[in-house]
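Work through the exercises below with the sequence and the model side by side.

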Amino acid sequence: MAQVPQTFFDALAVRTWCGLALTALGRAREEIDAINVYPVADGDTGTNLYLTVESAATAVEAVFAGYEAGSGAGAGSAPAGKPALADAARAMAHGALIGARGNSGTILAQLLRGMAQVLAAEGEASHTDGRGLRLALRRAADSARQAVAHPVEGTVLSVASAAADAAGTAVGAEGAEDDCGIVARAAYQGACAALAATPGQLAVLERAGVVDAGGRGLVAVLAALVETFTGEAPGFSPVASGGPVRERGAGGDEGGTDLADGGEGPAQDCGDGPQHGSGPAFEVIYLLEAEDAAVGRLRRRLDALGDSLVVVGGDGLWNVHVHVDDAGAAVEAGVDAGRPYRIRITHFGAGDAHTRGSERPPRERVQRAVVAVVPGEGLAGLYAEAGATTVLARPGEPPASGELVDAVRRAHAREVVLLPNDADLRHTAAAAAEQARTEGIRVALIPTRSAVQGIAALAVHEPERRFDEDVVSMTSAAGATRHAEIVLAECQSWTMAGICQAGDVLGLVDGDVAVIGSDVTATAETLLNRMLSAGGELVTLVLGDEAPEGVAEHLEARVREAYLAVDTVVYRGGRQGALLLIGVE
């Protein structure tokens, strides 16, 4: 994607940079994953950075597509068919924000947002010069540091600050005020030197013999920036771990700054928080629509719950990342602050313990994991506490196959059981499973049609069993669970139970309307009686946020009175779409 060398930063340069950065991270992804030892040795920093930049690049391409179709509306002086610098920069930042993955991906999103704030401030200008790029890099480093609750040196924050410092020094050089290429190269060289120094700043990196993975990823992104302006990619010449390498000059001769494992070698994820030998069990990430004041309170609340807290964004939209032991509490804090969505909860597991102060090398893949799609925050916490990696499905916002593949990768297992928990997601889940298999992961798709079937499958999951035996047992448990839900009709419609009107209470069994009523509790009781008439040993109730008070207690009492041998369990599902989910095993 290299373009003709240019000295200025315009919308096309933003587009080219995103594409080159995505390519660079694609090449370096496995290398960066392999050296990810801080704050959690979960081997996903390269993947998270790649997915974050992929989202940024997609957003920029959408802006260009709009202008090329004549539908864009941007700064007045931008050439016809081409967005202004401000349009492209804002799209890049927004795409990174909504697609940010993991600790380092979230921080990279804030770095890009900081740059965009300066580049977009150019207003109607079609481009900026070396001075503008210098200011953008400075804002990026400062805003990223401010987004991290407890900044730690020897991470991507140190590398970003060094890049900004070097860019500032370069502006004094001849021609640098007008030439973005000179500024970008200086920033890259400063980042390389800072990356080489990270093992001396963070003991866990030194013990593992690696550099910071998040910093290594940022060096790749800055190398792409150099290539954007000069047409030539600065190269690495890695040697044995711990030895020096030199940046190659444009003609292939070695010159520039000595580095320690700046290329194929070590790198690391960026983080914050106290240094200790073990840490929280869950990573919680979500997008949040909230006011600034509420986000300030959220930061303090999450900081008390865990560590590795990074909150980035602004203007009403935020990306929240934290490591906690109580995943539900972290999500509830987001609910109190505003509207969280695209919630992702990952269980680190015993092999994923925080390695601060530990001499543990990057972990091996676990043998087996469960990945599940869940319809509400409460169920996400329940599944995560049972050891599953979750993908949240909002009403009207089903996850794409790429999100499921990402979750399978985050599970970091050789064998994965995939629970779609929705009949409409079966084909999406099948595509994700097929993609994961091409990456060497053994995936079994259990066609669960409801979250209550997923609960039943998860209850009998035993990682110590042979994979096939475990899958058969989980499939049998899910298949033996009849599922139902209580929802409100949105419009008049013909159903299997007759004609319903908008606002009617509908009781669905296995996806078909079986009962139409006007009262939630009464309809739920009728539906449950109908299900139990065919027998059952366990009733599972999952309450949505809008379920009426007392409905669970009423149904529990009804089961105790009429079905003496049947037990009942109740869970809070949060904003799950349905008022009530019912499972009968």
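A nonpolar core is a set of buried Ala, Val, Leu, Ile, Met, Phe, Trp, Tyr and Cys residues joined through side-chain atoms within 4.5 Å, where buried means under 20% relative accessible area, exposed over 50%, and partly exposed in between (1.4 Å probe, protein chains only). This is a predicted model, in which local features need pLDDT of at least 70 and side-chain atom pairs count only at pLDDT 80 or more, while totals for chains, interfaces and linings use all residues. Residues are numbered from 1 along each chain as its sequence is written, and side-chain values use heavy atoms, with hydrogens and water left out.

**Exercise 1. Describe the largest cavity and its lining.**

Step 1: on a 1 Å grid over the protein atoms alone, a cavity is a set of points where a 1.4 Å probe fits but cannot get out, whereas a pocket is an open set with protein on both sides within 12 Å along at least five of seven lines, and lining residues have an atom within 4 Å of a point. Grid points are joined across faces, edges and corners, and a volume is the space filled by probe spheres set on the points. Step 2: searching the whole structure gives three cavities of 30 Å³ or more, and the largest has a volume of about 120 Å³. Step 3: 14 residues line the largest cavity, and L111, L137, A140, L218 and L222 are the closest to its centre. Step 4: α4 (102-120) is one of the helices that supply at least two residues of this lining, and α4 gives the most, with four. Step 5: the lining has 14 nonpolar, no polar and no charged residues, where Ala, Val, Leu, Ile, Met, Phe, Trp, Tyr, Cys and Pro count as nonpolar, Asp, Glu, Lys and Arg as charged, and the others, Gly among them, as polar.

**Exercise 2. Work out which residues lie nearest the centre of the largest pocket, and which strand supplies the largest share of its lining.**

Step 1: the largest pocket contains about 960 Å³ of space. Step 2: of its 37 lining residues, D422, D424, E485, Q576 and A578 lie nearest the centre. Step 3: the largest share of the lining comes from β13, with five residues. Step 4: by class, this lining divides into 21 nonpolar, eight polar and eight charged residues.

**Exercise 3. Decide whether L195 is buried or exposed.**

Step 1: L195 lies in helix α7 (residues 180-201). Step 2: L195 counts as buried because its relative accessibility is 0%.
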